[in-house]
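Biologist: Please show me the model, and then let us go through the terms used to describe it.

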Amino acid sequence: VLMLLFGLLLVLILTLIINKPIAKICACIDRIAQGDFRYDPTIETADELGHIGRGINSMAQNIQKLLETAKRTEREKKDHEFRALQNQINPHFLYNALNSIKWMAVLQKANGIAEMTTSLGHMLRNALRIEQGTVSLKEELEILKDYATVQQYRYGDAFRLSFFVEDPELYRARIVKL
(Lines give C-alpha, C1' and ligand atoms only; values in the text may rest on other atoms or scores of the structure.)
Protein backbone atom coordinates (compact mmCIF):
# COMPACT_ATOMS: atom_id res chain seq x y z
CA VAL A 1 0.00 0.00 0.00
CA LEU A 2 2.90 2.30 0.89
CA MET A 3 4.49 1.60 -2.48
CA LEU A 4 1.20 2.27 -4.19
CA LEU A 5 0.87 5.62 -2.41
CA PHE A 6 4.48 6.47 -3.24
CA GLY A 7 3.83 5.58 -6.90
CA LEU A 8 0.70 7.74 -7.00
CA LEU A 9 2.59 10.65 -5.39
CA LEU A 10 5.39 10.24 -7.94
CA VAL A 11 2.88 10.19 -10.82
CA LEU A 12 1.21 13.32 -9.41
CA ILE A 13 4.55 15.18 -9.09
CA LEU A 14 5.67 14.14 -12.58
CA THR A 15 2.28 15.15 -13.98
CA LEU A 16 2.63 18.59 -12.41
CA ILE A 17 6.23 18.93 -13.61
CA ILE A 18 5.35 17.97 -17.20
CA ASN A 19 1.68 18.93 -17.64
CA LYS A 20 1.94 22.44 -16.18
CA PRO A 21 4.67 23.60 -18.66
CA ILE A 22 2.84 21.88 -21.53
CA ALA A 23 -0.40 23.62 -20.53
CA LYS A 24 1.44 26.99 -20.47
CA ILE A 25 2.92 26.30 -23.90
CA CYS A 26 -0.51 25.31 -25.25
CA ALA A 27 -2.06 28.49 -23.80
CA CYS A 28 0.73 30.56 -25.40
CA ILE A 29 0.14 28.89 -28.76
CA ASP A 30 -3.59 29.62 -28.46
CA ARG A 31 -2.81 33.32 -27.73
CA ILE A 32 -0.54 33.48 -30.78
CA ALA A 33 -3.28 31.90 -32.90
CA GLN A 34 -5.60 34.70 -31.73
CA GLY A 35 -3.06 37.36 -32.81
CA ASP A 36 -1.42 38.08 -29.42
CA PHE A 37 2.33 37.90 -30.06
CA ARG A 38 3.52 39.09 -26.63
CA TYR A 39 6.69 37.60 -25.21
CA ASP A 40 5.95 35.11 -22.37
CA PRO A 41 8.98 34.39 -20.16
CA THR A 42 7.05 31.81 -18.08
CA ILE A 43 7.29 29.18 -20.83
CA GLU A 44 11.09 29.39 -20.98
CA THR A 45 12.46 26.93 -18.44
CA ALA A 46 15.83 25.20 -18.24
CA ASP A 47 14.62 21.87 -19.64
CA GLU A 48 13.52 20.60 -23.05
CA LEU A 49 10.07 22.16 -22.72
CA GLY A 50 11.77 25.49 -22.01
CA HIS A 51 13.68 25.09 -25.26
CA ILE A 52 10.36 24.67 -27.05
CA GLY A 53 9.06 27.73 -25.17
CA ARG A 54 12.03 29.83 -26.31
CA GLY A 55 11.36 28.72 -29.89
CA ILE A 56 7.70 29.69 -29.59
CA ASN A 57 8.58 33.12 -28.15
CA SER A 58 11.13 33.69 -30.91
CA MET A 59 8.63 32.62 -33.56
CA ALA A 60 5.96 34.95 -32.12
CA GLN A 61 8.35 37.90 -32.15
CA ASN A 62 9.38 37.14 -35.75
CA ILE A 63 5.73 36.94 -36.83
CA GLN A 64 5.04 40.28 -35.14
CA LYS A 65 8.01 41.90 -36.92
CA LEU A 66 6.88 40.46 -40.27
CA LEU A 67 3.35 41.78 -39.76
CA GLU A 68 4.68 45.25 -38.89
CA THR A 69 6.95 45.19 -41.93
CA ALA A 70 4.06 44.12 -44.18
CA LYS A 71 1.85 46.92 -42.81
CA ARG A 72 4.62 49.49 -43.29
CA THR A 73 5.35 48.23 -46.80
CA GLU A 74 1.67 48.38 -47.73
CA ARG A 75 1.39 51.92 -46.34
CA GLU A 76 4.51 52.99 -48.27
CA LYS A 77 3.15 51.36 -51.43
CA LYS A 78 -0.10 53.32 -51.12
CA ASP A 79 1.86 56.54 -50.50
CA HIS A 80 3.98 55.91 -53.62
CA GLU A 81 0.89 55.18 -55.71
CA PHE A 82 -0.72 58.39 -54.47
CA ARG A 83 2.41 60.44 -55.24
CA ALA A 84 2.66 58.86 -58.69
CA LEU A 85 -0.96 59.78 -59.36
CA GLN A 86 -0.33 63.34 -58.17
CA ASN A 87 2.73 63.59 -60.43
CA GLN A 88 0.61 62.51 -63.38
CA ILE A 89 -2.19 64.93 -62.60
CA ASN A 90 -0.06 68.04 -62.03
CA PRO A 91 1.65 68.13 -65.46
CA HIS A 92 -1.63 67.38 -67.23
CA PHE A 93 -3.30 70.16 -65.27
CA LEU A 94 -0.55 72.55 -66.38
CA TYR A 95 -0.89 71.44 -69.99
CA ASN A 96 -4.67 71.91 -69.88
CA ALA A 97 -4.25 75.33 -68.25
CA LEU A 98 -1.84 76.39 -71.02
CA ASN A 99 -4.33 75.19 -73.61
CA SER A 100 -7.06 77.29 -71.95
CA ILE A 101 -4.80 80.35 -71.98
CA LYS A 102 -4.06 79.74 -75.66
CA TRP A 103 -7.75 79.65 -76.56
CA MET A 104 -8.48 82.76 -74.51
CA ALA A 105 -5.68 84.51 -76.40
CA VAL A 106 -7.06 83.30 -79.74
CA LEU A 107 -10.53 84.60 -78.85
CA GLN A 108 -9.04 87.96 -77.86
CA LYS A 109 -6.90 87.99 -81.01
CA ALA A 110 -3.66 88.01 -78.97
CA ASN A 111 -1.82 85.85 -81.47
CA GLY A 112 1.57 86.22 -79.80
CA ILE A 113 0.26 84.82 -76.53
CA ALA A 114 -1.50 81.99 -78.36
CA GLU A 115 1.67 81.10 -80.27
CA MET A 116 3.81 81.28 -77.14
CA THR A 117 1.49 79.09 -75.04
CA THR A 118 1.22 76.58 -77.90
CA SER A 119 5.01 76.35 -78.05
CA LEU A 120 5.25 76.04 -74.27
CA GLY A 121 2.57 73.33 -74.35
CA HIS A 122 4.53 71.37 -76.96
CA MET A 123 7.66 71.65 -74.81
CA LEU A 124 5.73 70.46 -71.75
CA ARG A 125 4.20 67.53 -73.63
CA ASN A 126 7.66 66.54 -74.87
CA ALA A 127 9.07 66.75 -71.33
CA LEU A 128 6.27 64.49 -70.05
CA ARG A 129 6.83 61.75 -72.61
CA ILE A 130 8.48 58.76 -71.06
CA GLU A 131 10.94 57.46 -73.60
CA GLN A 132 14.45 56.32 -73.91
CA GLY A 133 17.10 59.00 -73.95
CA THR A 134 16.97 59.43 -77.74
CA VAL A 135 14.55 61.11 -80.17
CA SER A 136 14.58 61.68 -83.90
CA LEU A 137 16.37 64.76 -85.19
CA LYS A 138 13.04 66.00 -86.58
CA GLU A 139 11.39 65.80 -83.12
CA GLU A 140 14.31 67.56 -81.48
CA LEU A 141 14.29 70.37 -84.05
CA GLU A 142 10.54 70.88 -83.48
CA ILE A 143 11.14 71.28 -79.75
CA LEU A 144 14.03 73.64 -80.46
CA LYS A 145 11.69 75.73 -82.65
CA ASP A 146 9.16 75.87 -79.81
CA TYR A 147 11.87 76.93 -77.38
CA ALA A 148 13.08 79.60 -79.79
CA THR A 149 9.51 80.90 -80.19
CA VAL A 150 9.19 81.39 -76.43
CA GLN A 151 12.61 83.06 -76.25
CA GLN A 152 11.83 85.38 -79.20
CA TYR A 153 8.80 86.73 -77.35
CA ARG A 154 10.95 87.17 -74.28
CA TYR A 155 13.86 88.94 -76.00
CA GLY A 156 12.10 90.46 -78.95
CA ASP A 157 13.73 89.91 -82.30
CA ALA A 158 17.25 89.78 -80.82
CA PHE A 159 18.04 86.56 -82.69
CA ARG A 160 16.91 84.37 -85.55
CA LEU A 161 16.96 80.64 -85.80
CA SER A 162 17.28 78.67 -89.00
CA PHE A 163 18.00 75.05 -89.81
CA PHE A 164 19.64 73.46 -92.78
CA VAL A 165 19.61 69.69 -93.03
CA GLU A 166 21.29 68.59 -96.23
CA ASP A 167 19.88 65.07 -96.44
CA PRO A 168 16.19 64.56 -95.48
CA GLU A 169 17.10 61.03 -94.30
CA LEU A 170 18.91 62.65 -91.36
CA TYR A 171 15.56 63.74 -89.90
CA ARG A 172 15.04 60.09 -88.86
CA ALA A 173 18.43 59.84 -87.14
CA ARG A 174 18.24 59.19 -83.39
CA ILE A 175 19.97 61.71 -81.12
CA VAL A 176 20.14 62.34 -77.39
CA LYS A 177 16.96 64.03 -76.13
CA LEU A 178 17.35 67.73 -75.25
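Modeller: Helices are DSSP runs of H or I with at least four residues, and strands are E runs of at least two, numbered from the N terminus. D146 lies in helix α4. This is a predicted model, in which local features need pLDDT of at least 70 and side-chain atom pairs count only at pLDDT 80 or more, while totals for chains, interfaces and linings use all residues. Residues are numbered from 1 along each chain as its sequence is written, and side-chain values use heavy atoms, leaving out hydrogens and water.

Biologist: Why does D146 count as buried?

Modeller: Buried means under 20% relative accessible area, exposed over 50%, and partly exposed in between (1.4 Å probe, protein chains only). D146 has 11% relative accessibility, so D146 counts as buried.

Biologist: What does D146 touch, not counting residues up to four places away in sequence?

Modeller: Contact means heavy atoms within 4.5 Å. On that basis D146 touches S119, H122 and M123.

Biologist: Why is A46 called exposed?

Modeller: The relative accessible area of A46 is 87%, so A46 is exposed. A46 lies in the loop between α1 (2–33) and α2 (48–107).

Biologist: How do α3 and α4 pack?

Modeller: Axes are lines fitted to C-alpha atoms, for helices over the stretch in contact, and angles run from 0 to 180 degrees between N-to-C directions. Helix α3 (residues 111–128) and helix α4 (residues 137–155) pack at about 140 degrees, with axes 9 Å apart. That makes α3 oblique to α4, since angles under 35 degrees are roughly parallel, over 145 roughly antiparallel, 65 to 115 roughly perpendicular and the rest oblique.
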